[in-house]
Amino acid sequence: MTDRAATQVSVEEKGDAVIIDNDVVDALAGELLGPCDKSAPPAAWGSTVREYLAGAPRLDQWQTPLLTLDRGRLDTNRDLMAEWTAAAGVALAPHGKTTMAPQLWREQLVAGSWGITLATAWQAQLARSFGLGRIMLANTLADPVGLAWAAAESARDAGFELYCWADGVATVELMDKILRDTAAGPRVRVLVELGGPHGRTGARTRREAHAVAAAIGASERLSLAGVAGYEGALAHDRSAEGVAAVRGYLGELASLHSELVAAGAYSGPAVVTAGGSAYPELVVGELAGLADPRGVRGVPTTVVLRSGAYLVHDDGFYAGISPLTAPAEEPGLRSAMHGWARVVSRPEPELALLDGGKRDFPFDEGLPVAQQVIGGTLPPNAMVTALNDQHTFLRLPGADSDDLPVGSIVRLGLSHPCTAFDKWRRIPVIDSADAPHPRVVDLIRTYF
């Protein structure tokens, strides 16, 4: 790591200083475009990103298939969540693995985010290479190489904050054993992860979670820093049963923290954190009351929401489950990502084949949805029924073959940003997906 004292930007929010290195992020504009950038026009190869954008490029100069981001919608989504969490009295640490895009992380930090959440040691290391100063690692750090790096980086930079999770006594003992083989340094901050029946990771009962907390407290290399969990593993819809399961789980998480406070388990400030892309209002409703920045109950507590999908949102799963989706909430979250694919075959009267597929667009939380057409007419009953690696099957009941000719371009609504970004190394940002002739105003670099 290099000394970034002269280049870091400090973003003040609720008394906390969040750091990212502006120079390293800005340097991305100096990268050269080339054939490794999927669907970028060959005319742009050899130019830097900065040079290319200076030419006021248009979207129609790009090849298909293509994924784009909408600048206006990104801005609206970002600001809406920043204002909503601030009004609720909770902090926001967006899950950075959704985009793996430091340019977008910086926008979220400048808007007031407390930190960035990540999922693996490598992701945290990548984030540190961009100077990120506070990371919530929403996972157990049991990898010896990753844990040794975390300890060394914390010792190297006293201002760096990294939080990781543990959900079992054996896990804590393993972490302690690994750290005993590293040089002495500050304690690694660990949150007790509480799970739920048939969920993902996490201690299954509060009793088990208390044992984990006690093991952390007994370690000379670890520090109990709070409680954590993920409610999204317990429900996948807005049914009464799903909402009740989420509420019940979040109540257990709140009770665990209160019990640890009462037992004097914390030796310093604590963090209480849950997910929140699908059920943010439930997280706020059950946990926001624990926020206690002054520590009048003995332990200064920060409640952290880890929503990851809100910035990009979607036209599928999150659009159907988030209470912040437009038009139910105004201005509301709106999908900032779209797929663009060209009709390359009309082998049957009621079938069009597009040149984008599983290698290009997400499909794990619902298939793409045809929204509009450039160079043709979208039949009212058009429906995507399947994706191959490089083709989309667009069924056109009752359509005329002239409605959607070969060469026309279909704009697709997509579901699940987490599995959209990982298919693209560089994503064009356009001024508006609804504009007649969208302009490319930025290029977002991803790291997967």
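Guide: Start with Asp75 and Arg71, whose side chains meet in a salt bridge, with 2.8 Å from N to O. The model is a predicted one. Both residues sit in helix H3, which covers residues 71-88. They are four residues apart, about one turn of the helix. An α-helix has 3.6 residues a turn, so residues three or four places apart point the same way. Side chains of opposite charge can then pair when their charged atoms come close. Now check how open each partner is. Asp75 is partly exposed, at 25% relative accessible area. Arg71 has a value of 17%. Buried means under 20%, so Arg71 counts as buried.

Move on to helix H6, residues 144-156. Here Arg156 forms a salt bridge with Glu153. Their closest N and O atoms are 2.9 Å apart. This pair is three residues apart, again about one helical turn. Arg156 is partly exposed, with 42% relative accessibility. Glu153 is buried, at 4%.

The next pair reaches between helices. Arg206 forms a salt bridge with Glu259, and the closest N and O atoms are 2.7 Å apart. Arg206 lies in helix H8 (residues 206-218), while Glu259 lies in helix H9 (residues 240-262). The pair therefore ties together parts that are 53 residues apart in sequence. Arg206 is partly exposed, with a relative accessible area of 24%. Glu259 is partly exposed too, at 26%. Some salt bridges share partners. That is how Glu31, Asp37, Arg425, Arg426 and Arg445 join into one network. Over the whole structure, a search finds 28 salt bridges.

Ala91 stands opposite Val304 in S11.

Helix H4 is worth a stop as well. H4 spans residues 102-110, and eight of its nine residues are buried, so the helix is largely enclosed by the rest of the structure. Among the buried ones are Trp105, Arg106 and Glu107. After H4 comes Gly112, with a positive phi near 120°.

Finish with strand S13, residues 351-354. In a regular strand the side chains alternate between the two faces of the sheet. S13 shows this. Leu351 and Leu353 point one way, Ala352 and Leu354 point the other way, and all are buried. S13 has a partner in S12 (residues 337-348), antiparallel over three bridges. A hairpin of two residues joins S12 to S13. Ser345 has Leu353 of S13 as its bridge partner. S13 also runs antiparallel to S16 (residues 392-395), joined by four bridges. There, Ala352 has Leu394 of S16 as its bridge partner.

Note on methods:
Residues are numbered from 1 along each chain as its sequence is written. This is a predicted model: local features need pLDDT of at least 70, side-chain atom pairs count only at pLDDT 80 or more; totals for chains, interfaces and linings use all residues. Side-chain values use heavy atoms; hydrogens and water are left out. Buried means under 20% relative accessible area, exposed over 50%, partly exposed in between (1.4 Å probe, protein chains only). Two strands pair if DSSP finds at least two bridges between them. A salt bridge is a side-chain nitrogen of Lys or Arg within 4 Å of a carboxyl oxygen of Asp or Glu.
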